[in-house]
Amino acid sequence: MSRGDLKQVYGIQQIIISSFSGRAIAARKVVTNAGGKTSGIDGVTWKDPKDYMMAVKELHRIVSKPSEYEAKPLRRVHIPKGDKGDTRPLGIPTVMDRAIQALYHLGVDPAVEVRSDPNSFGFRKNRSTHDAIIATRSHMDKKTHPHWVLEADITKCFDRIDHDFLMKHTPICHKKVLQQ
């Protein structure tokens, strides 16, 4: 990916999402997640190994024909927000839609990480606040250090993410699935 060969990236993604191992890992991520027992609008949860294997087979069917995939509507619930009694809406996808997200994340994440800013630490895999502090100190300790450190309030940042930009700049082999 660092060479910009998207054809190769898409090929590797296809291998990951088509593999039995990739599909099994995606199903496992869904059921071991804290919200894994929460059903979506269809009321379905996966309770036993038989359900997991059926999910892996269904994931194979979906990956084989991604143009036919249709995500189900989200189940909308309101969860508490802060101490003032306010609530915020939360959309809960079906377990199959979560598994699709997890499966494609396995393929997309390496390509996105390669293209990401090396000095970005928020919501990044294997990065922490401590890493950000170390990087900042390292930059500030140099003789030609930056003169400014900027802090930003990212309240409601995720409400304003430009999804068209993400669609255009996220390397994924099946864009239709990502759109959904």
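Strands here are DSSP runs of E with at least two residues, numbered from the N terminus. The model is predicted. Its protein chain holds seven helices and two strands. The two strands, S1 and S2, run antiparallel.

**Fold order**
- Along the sequence, the pattern of the protein chain is α-α-α-β-β-α-α-α-α.
- The C-alpha trace of the protein chain spans about 60 × 50 × 30 Å along its principal axes.

**The hairpin**
- Strand S1 covers residues 75-81, and strand S2 covers residues 86-92.
- Seven bridges join S1 to S2.
- Val77 has Leu90 of S2 standing opposite.
- Four residues lie between the strands of this hairpin.
- Gly82 takes a positive phi there, near 75°.
- In a regular strand, side chains alternate between the two faces of the sheet.

**Packing and contacts**
- The protein chain has 180 residues, and 26% of them are buried.
- Buried here means under 20% relative accessible area.
- Take the contacts in the protein chain with a separation of 6 or more: 64% of them come from residues 24 or more positions apart.

**Surface and charge**
- The protein chain has an accessible surface of about 13000 Å².
- Carbon and sulfur atoms account for 57% of that surface.
- There are 30 positive and 20 negative side chains in the protein chain.
- The centres of these two sets of side chains lie 4 Å apart.

Notes:
Residues are numbered from 1 along each chain as its sequence is written. This is a predicted model: local features need pLDDT of at least 70, side-chain atom pairs count only at pLDDT 80 or more; totals for chains, interfaces and linings use all residues. Side-chain values use heavy atoms; hydrogens and water are left out. Two strands pair if DSSP finds at least two bridges between them. Buried means under 20% relative accessible area, exposed over 50%, partly exposed in between (1.4 Å probe, protein chains only). Contact means heavy atoms within 4.5 Å. Accessible areas come from the Shrake-Rupley method with a 1.4 Å probe; for residues, only the protein chains shown count as cover. Lys and Arg count as positive and Asp and Glu as negative; His and the chain ends are not counted. The place of a charge is taken as NZ of Lys, CZ of Arg, CG of Asp or CD of Glu.
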